[in-house]
Amino acid sequence: MGLVKFFGKILYLVKMLALIGLSISGAALMGLYSFQNLLIYPASMNDGHGYCARPEEFGMPDYEDLHLDTEDGEVLHCYCLKQDHSLPEYTNKTVLILSPNAGNIGHALPIVSMFYKNFGYNVFIYSYRGYGKSTGKPSEEGLRLDAQTVMKHISKDEQLLQTSLILYGRSLGGAVSIYISSLMPNNVQGLILENTFLSIPKTVPHIFPFLKYFTVFVHQKWELERLMPSIPANIPVLFFSARKDEIVPPSHMDKLYELSQSNDKTFFKYPNSQHNDTVVQPDYWERVHEFIKNKVNPVGY
């Protein structure tokens, strides 16, 4: 009888531990579902909501400090830098910078300077909703609306609408770039992608291996694997991949390149690069400039 009671208590303990385990797992999954936007869009990281540098601090005093209204009531903070179109060396090209998922547009001003001062292109950059000085909370649906708002503005700007538009997207910015190129291909003349993913659910296990069995709970999809083949073949595409990327599996960039239908696509792989240092790899900026200059009309500028 004592043995029966002993095993009864053991069975009870096992059941209780199982229930506690299930409760903890359930709470963790509920947290993953409810708070994943904070993980996917860390808008406060790298002092994202702190000081936002201005172009004049980087020797670019002539710019527009814009605040665009989205259709759902948010306000996007943007910088627009235009070259003097009356000059004979005017390139008639505009680079729309789609940022990674941390920081604010002030942190990207060295890159803006490269396109604007070194290469002579018009530049437009904005903070996604919830980032920098833009209002709202980031989400896939919201960032899509932001992209539509910015493209609508560019298409109505008297100078910019007459230029060739190149999308430059890094990481999350690559996702937004692919979305724009698939939705509004007639407005895009060139696409540059760096360390971009196939989808969020396929990226999660690379960052959080213990969540690989729970990606069904990820509601922020960004299904770029589906969108990439829909980008028309006449849009040239430049791919950059960090082969030691600790956030996006390099195989994702390989697959995006494979899925691209472009008649003119180029792929550069950096064997010793990680996710955030690709921009400082050898020949990176020479390759970016060569692509825009020789692959996007007007050629040679």
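## Strand β5 and its neighbours

Six bridges link strand β3 (residues 93-98) with β5, and the two run parallel. Welcome to a predicted model, in which local features need pLDDT of at least 70, side-chain atom pairs count only at pLDDT 80 or more, and totals for chains, interfaces and linings use all residues. Residues are numbered from 1 along each chain as its sequence is written, and side-chain values use heavy atoms, leaving out hydrogens and water.

**Strand pairing**
- Helices (H or I, at least four residues) and strands (E, at least two) are DSSP runs, numbered from the N terminus.
- Two strands pair if DSSP finds at least two bridges between them.
- Opposite L98 you will find G169 in β5.
- Five bridges pair β5 with strand β6 (residues 190-194) in the parallel sense, and L167 stands opposite L191 in β6.

**Burial of β5**
- Seven of the seven residues in β5 (residues 164-170) are buried (under 20% relative accessible area, with a 1.4 Å probe and protein chains only).
- One side holds S164, I166, Y168 and R170, the other L165, L167 and G169, and all are buried.

**Helices α3 and α4**
- Helix α3 (residues 140-156) packs against α4 at an angle of about 60°, with the axes 10 Å apart; axes are lines fitted to C-alpha atoms over the stretch in contact, and angles run from 0 to 180 degrees between N-to-C directions.

Key: Buried means under 20% relative accessible area, exposed over 50%, partly exposed in between (1.4 Å probe, protein chains only).
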